[in-house]
Amino acid sequence: MNKVFISLCFFLMGVVVWGQQESWSLQQCLETGLKNNRDIKIKKLEWAKAKKGYVPKLQTMLPLVNLNASQSYNFGSTIDPATNARVSSDILYDNFYLSSNFSLLDFSNLSQSGIYKLAIDLAKADEEVVTYEYKMMLLEKFFDALYTQELVKIQQEQLQNTSQNLERVQDEFNLGKRPKSDLYDMQLSFQQEVKAMQETEQLLDTQVLQLFQLMNIDEVPDEVFLLMPNSMVELVEESGEENPKVLQTELAYESSLKNINLQRAALLPVVSAYYEFSTFYYKPLTSATGETVNSFDYQIDFNKNHVVGFKLSVPVFNGFKTRRKIKVAKLNSEQMKIKNQDQKVKLAQEIKVAKTQMSQYKQLQQTLAVTLDYANKSYITTEVKYASNKIEIVSFTSVKNQLLTAKYNVLKNSMLKEFTQLKLNLLKYNAFML
């Protein structure tokens with residue numbers, strides 16, 4: 001294997017990236033994803049529907065007004081009592097009827113209005129929960145791809161170094177200073193690293209594709225470079241009140257309590273007032289006696305009738321249906337209460353676990369840094385020994401793998417620390433950073 005072939009392989013495996021890269025930050029991914037996510041759009045529409053459907057308490061007291069008009073025809077005959085003769089009863093009737101009902105006291109309307117108002121907050125909370133879950137999913141996908149991207153960089157550096165060693169062993173073999181077995185060992189080591197590099201790059205392509213699919217972007221750029229988030233501000237507050245899942249369960253519990261009042265309102269009396277106005281016009285279609293009929297305007301004015309009254313409706317018995325509905329509403333409220341408590345406990349546990357992990361990553365940081373320093377020094381000395389033909393390729397490969405593992409561990413710990421801090425911010429404040 002000559003130098004030209006090694007360099008060509010090195011280039012084809014993407015170790016050296018040429019061309020323009022498209023950079024994406026976490027904030028940019030978040031803004032794009034929130035803009036394109038269809039589930040969030042649906043929840044926004046549901047929130048808008050809830051606002052349109054809200055009925056204020058004052059509006060429940062507005063009267064219901066109905067205006068009815070009808071025209072009918074009566075065909076036939078009847079007996080005139082005065083003459084005892086049969087006369088025609090073909091008559092045209094025009095009837096006009098106006099009715100209105102005022103709700104003076106209806107506890108069901110008052111309770112329903114409160115539930116409508118909570119429905120708006122619940123719809124908004126549902127939207128926030130979907131947004132929160134999407135942020136958490138996007139954060140995980142972003143860091144999965146970012147971690148693999150940084151791992152590629154480490155493998156590029158290692159493969160570059162292995163390529164140089166392979167060229168040196170090739171030259172020494174050509175000069176007769178190395179046995180062919182050393183060349184085979186180095187070629188095998190190089191090919192194994194090429195394979196590992198290719199697998200990591202393929203994994204990165206898949207993870208970037210999944211990240212862009214999560215943002216509902218169909219066309220993925222040829223070269224994507226994810227930017228490392230800036231160091232997060234340390235957060236010390238313990239409250240999880242800003243978490244949308246907790247807020248959602250609290251609103252659901254509050255709504256269940258109002259639903260109990262709504263069911264109980266069916267047992268209470270309803271007081272209402274009503275007003276009715278009616279008038280009519282009639283005209284015989286046939287008249288054997290030449291009877292004159294008053295004009296339309298005269299009859300409409302003369303036949304007017306007004307009714308004003310108050311109505312009291314007291315529920316007495318409905319087969320115990322209301323009682324059963326109240327019991328069901330109470331059970332549902334107790335269920336919502338437990339869900340709210342459970343959500344608060346789960347949030348507190350998640351925050352505690354994340355804070356514990358953050359502390360562990362910080363403690364491990366110094367140890368991993370020292371280990372990486374020793375691995376670097378060991379690799380440098382071992383490389384000199386191998387160049388002097390004092391050790392076998394197996395020993396040299398082992399030390400090189402130790403260095404790769406040390407870099408891998410430092411990278412992993414650093415990325416996990418950043419990810420956990422962002423996750424903490426999201427858990428407590430529903431935001432990546434303050």
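This is a predicted model: local features need pLDDT of at least 70, side-chain atom pairs count only at pLDDT 80 or more; totals for chains, interfaces and linings use all residues.
1. Two elements, strand 5 (91-105) and helix 5 (107-174), each supply two or more of its residues. Strand 5 contributes the most, with 3 residues. Phe-107 sits in helix 5 and is partly exposed, at a relative accessible area of 31%.

2. Next, have a look at helix 3, which runs over residues 38-52. Its 15 residues reach 21 Å from the first C-alpha to the last, close to the 21 Å expected at 1.5 Å a residue. At the start of this helix, a side-chain oxygen of Asn-37 comes to within 3.1 Å of the backbone nitrogen of Asp-39.

3. On to the charges: there are 13 salt bridges in the structure. One of them pairs Lys-44 with Glu-127, with the closest N and O atoms 2.8 Å apart. Lys-44 belongs to helix 3 and Glu-127 to helix 5, so this pair ties together parts that are 83 residues apart in sequence. Lys-44 is partly exposed at 42% relative accessibility, whereas Glu-127 is buried at 3%.

4. Lys-245 lies in helix 7 (residues 244-265) and Glu-133 in helix 5, so parts 112 residues apart in sequence are tied together here.

5. Finally, Asp-301 and Lys-304 form a salt bridge, with 3.2 Å between the closest N and O atoms. Asp-301 is partly exposed at 49% relative accessibility, and Lys-304 is partly exposed at 41%. Elsewhere, salt bridges with shared partners join Lys-44, Lys-124, Glu-127 and Glu-128 into one network.

Terms used. Residues are numbered from 1 along each chain as its sequence is written. Side-chain values use heavy atoms; hydrogens and water are left out. Helices (H or I, at least four residues) and strands (E, at least two) are DSSP runs, numbered from the N terminus. Buried means under 20% relative accessible area, exposed over 50%, partly exposed in between (1.4 Å probe, protein chains only). The expected span of a helix is 1.5 Å times one less than its number of residues. A polar contact is a pair of N or O atoms within 3.5 Å; within protein, one must be able to donate a hydrogen and the other to accept it, and residues adjacent in sequence count only if both atoms are side-chain atoms. A salt bridge is a side-chain nitrogen of Lys or Arg within 4 Å of a carboxyl oxygen of Asp or Glu.
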